[in-house]
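User: Please take me through the structure shown here, one question at a time.
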Amino acid sequence: MEHKPKALTVLNWLTGAVFVVALYIVLIWAPQEAIMGDVQRVFYFHVSAGWVGALAFLVTAIVGGIYLARGEQRWDRVAQASVEIGVVFAFINIVTGSIWARPIWNTWWTWDPRLVTATIMELIYIAYMMLRRGIEDPDRRARFGAVYSIVGFISVPLTFLSIRIFRTIHPIVVGSSDPAALGAFDMTVDMRVAFFFSLFTFTLLYITLLWHRLRLQVKMEKIEERKLRALSS
Amino acid sequence: MSEMPPTMNITEQKIEPRANGSLRAYLRSIAAIVWKDLAAEFRSRELIGAMLVFAALVIVVFNFALELDIRTRETVTSGVLWVTFAFAGTLGLNRSMAIEKDRGCLDGLLLAPVDRSAIYFGKAIGNLFFMLIVEAIILPMYSVLYNVNLFQPGLIFVILLGSIGYTAVGTLLASMAVQARTRDVLLPILLFPVLIPLLLAAVKASNGFLQGFEIAEIMPWVNIMIAYDVIFIAVAFMVFDFVVEE
């Protein structure tokens, strides 16, 4: 990976162009929602960011498993890069969700299963990064990261399930309106197009960022290697 | 059978009697590790002492933090209990694994001809014992201080289930956390997000038993706890090797 591969340059431009198109589609082309108005447009990027967060988490868990099986360092690089991207996008998901919630539900936050699960997922990511930061040995760091990402990934659906049951047995808390009533909407065909296009855009963005971060990691490792060689000679 | 090469025959003959022996040896190594932990703790009492004092303090703090009048007490008891157990538990887990690492016991265990998973089960069961002992003391303490009867079989069952899941995941994560630089702060950060489904179900199930709800209402929570325990014991059993290998 000495010189920037042509494919990456093409990907950069492609992702940039697709993103501009996505902005147009979401902000201008998509129809205005009947009840909520323009604030509903947050939904497109909000869900796409959440999707990338979940995807990144899944990727981390899978390559973690592969690393444990094979021991090859490149899988660990992917895991690390994926987590960093995932933390950012999951955060974007939570914040845009709050922005959408305020005018619709009249509250910044509610203890709905999806919100809580998203927050816990974000906390697991951050814990993952803190775990990695505290370990010196690279092989051990990779192994522990892999183990924790698998444990964390398995716990997320259990968390969602348990909170879901919690909400069905007990009524919604006082103070926020029923989320199912306010804010739910059926998507028209145009909206569906906008929605899937944003999903596609964000996935493309994830791949681009992942590739860049991987190249960065390889370069950082090369620098470390040269530092050690310079120090020892 | 006569066409088979002689080596295969010998291997087959050797496996049969060894299978039973190795299971017994496996269980014996787990028992040995548990016994080591209990014996060491019995002499020094540092773990249980620390956990107990901390748990007692947490209960006292809760008295000021929440207005525990007669009515609120009933609804809030299970939450207070589980928060207490969760925090005291991290103390015990941290200390238990730190002792292994600092005194080089872990290296000794790894050198022994023992399956790595036996080390995991041994440590986890030892930690479970400590946690149960602390809980066994906290329950009467809380009952007396807040005048509420906590000695109900349903509640005790839930506490047992919850402690099993807690120590199963906690032992695995503590083994990792103790090898990091930020060892003491790291365990709660790693453990609590992953523990949420278990804690939530434990609080709900405890509350159900304490307030005398229908069994049908409590069962979903108990089922979640059982599922959680089974899943995470299996996962920990599979990955523990990677956590302790050098």
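This is a predicted model: local features need pLDDT of at least 70, side-chain atom pairs count only at pLDDT 80 or more; totals for chains, interfaces and linings use all residues.

User: How many helices and how many strands does chain B have?
Analyst: From the N terminus on, the elements of chain B run α-α-α-α-α-α-α-α. The counts for chain B are therefore eight helices and zero strands, a helix being a DSSP run of H or I with at least four residues.

User: What percentage of the residues in chain B is buried?
Analyst: A residue counts as buried if 20 or more other C-beta atoms lie within 10 Å of its own. Chain B has 246 residues, and the buried share of them is 42%.

User: Which element gives the most to the side of chain B that touches chain A?
Analyst: The contact takes 26 residues from chain A and 24 residues from chain B. On chain B, α7 (183-210) and α8 (215-244) each supply at least two residues of that side. The residues there divide into three charged, two polar and 19 nonpolar. With ten residues, the element that gives the most is α7(B).

User: Which element supplies the largest share of the largest nonpolar core?
Analyst: This core holds 118 residues, of which V147(A), V169(B) and M225(B) touch the most other members. Leaving aside neighbours within four places in sequence, V147(A) is in contact with M176(B), V239(B), F242(B) and V243(B). The largest share of the core is 16 residues, and the element that supplies them is α7(B).

Key
Residues are numbered from 1 along each chain as its sequence is written. Chains are lettered from A and ligands numbered from 1 in the order in which they are written. Two residues are in contact if their C-beta atoms, placed from the backbone, lie within 7 Å. Ala, Val, Leu, Ile, Met, Phe, Trp, Tyr, Cys and Pro count as nonpolar, Asp, Glu, Lys and Arg as charged, and the others, Gly among them, as polar. A nonpolar core is a set of buried Ala, Val, Leu, Ile, Met, Phe, Trp, Tyr and Cys residues joined through C-beta atoms within 7 Å. A residue is buried if 20 or more other C-beta atoms lie within 10 Å of its own, exposed if 12 or fewer, and partly exposed in between; C-beta atoms are placed from the backbone.
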